[in-house]
Amino acid sequence: YTAEECFADNVSESKLKERFKACTGGIYEAFLAMGEYNNIFDDDRLYPRFYTRFMGKRLLWQDVLEGMFDFFLEKQPMSQHYNKYAAKMRDYFKQGGPWQDLYGYCASLFEMMSVKCFIAERLKKAYDTNNRQFLSDAAQDYLPDLLDKTEALHSYHKKLWLSNRKAFGFGVLDIRYGGVKERTKTAIERINAYLNGEIDEIEELAEDRLEIEVRDLFSHIRI
């Protein structure tokens, strides 16, 4: 993009698509869609601070019970957004090509994020309003689904990593994925214990969700 803007006489999106295909063999629209992991980038949507544009990593790794970044989802739900782009990435995956594995990984990522955000957007409210039906659904259906999708994402990410990198470094991601999966299991256990009368409250959900200042400017460059 920079090269075209700097050195080409006339730059159009159709020209960029042609050059992108020639240089990379990839699908232009697919690579643009990958950026939707970070946030919603509609043409008319503005973010007052640069670093508030990059919420994907925070939502991916946050604790499903403690919900450090749930305040963001209260203002801007993301589950439908991720579901929409999961479908798009599945379509790109079906088209094949040299970047097919990357498209598949992104589809898996968006699918996992869609479920995780769906839960985060509703779990605290359900607890506060004593919506026992949703809590039961979360423990029986939504959280097990999140566990399955996290496992699928973990496996896909590992496969993709080892296909073009040395093994060093993935240990950190093993720990992160493992943490997400174990905390999901704990969430299921805690909710079931609460519904069965074994505990009087779920302490993690009883606490208020506080809005924190998002300042880590460069956190968007790493998954």
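These legends describe close-up views of a predicted model. Local features need pLDDT of at least 70, side-chain atom pairs count only at pLDDT 80 or more, and totals for chains, interfaces and linings use all residues. Residues are numbered from 1 along each chain as its sequence is written, and side-chain values use heavy atoms, with hydrogens and water left out.

**View 1. Helices α9 and α10 pack together.** Two packed helices are described by the angle between their axes and the distance between the axes. Helices here are DSSP runs (H or I, at least four residues), numbered from the N terminus. Axes are lines fitted to C-alpha atoms over the stretch in contact, and angles run from 0 to 180 degrees between N-to-C directions. Helix α9 covers residues 132–164 and helix α10 residues 170–195. Their angle is about 170°, and their axes lie 9 Å apart. That makes α9 roughly antiparallel to α10 (an angle over 145 degrees). The crossing is left-handed: the near helix is turned anticlockwise from the far one by less than a right angle. The contact holds 18 nonpolar, seven polar and six charged residues. Nonpolar means Ala, Val, Leu, Ile, Met, Phe, Trp, Tyr, Cys and Pro; charged means Asp, Glu, Lys and Arg; the others, Gly among them, are polar.

**View 2. Helix α9 also packs against α7.** The angle is about 160°, with the axes 9 Å apart. α7 and α9 are therefore roughly antiparallel to each other. They cross in a left-handed way. Their contact has 15 nonpolar, five polar and five charged residues.

**View 3. The largest nonpolar core has 59 residues.** Such a core is a set of buried Ala, Val, Leu, Ile, Met, Phe, Trp, Tyr and Cys residues joined through side-chain atoms within 4.5 Å. Buried means under 20% relative accessible area. L59, M89, L123, L143 and I191 touch the most other members. α7 gives the most to this core, with 13 residues. Beyond four places in sequence, L143 touches V64, I119, A138, T184, A187, I188 and I191 (heavy atoms within 4.5 Å).

**View 4. M68 sits in the loop between α4 and α5.** Leaving aside neighbours within four places in sequence, M68 contacts Q62, L210 and I212.

**View 5. N130 has a positive phi.** The value is about 55°, although N130 is not a glycine. Most residues other than glycine have a negative phi. N130 lies in the loop between α8 and α9. N130 is partly exposed, at 45% relative accessible area (between the buried limit and over 50%, which is exposed; 1.4 Å probe, protein chains only).

Note on methods. Helix = DSSP H or I, 4+ residues; strand = E, 2+ residues; numbered from the N terminus. Parallel < 35°, antiparallel > 145°, perpendicular 65-115°, else oblique.
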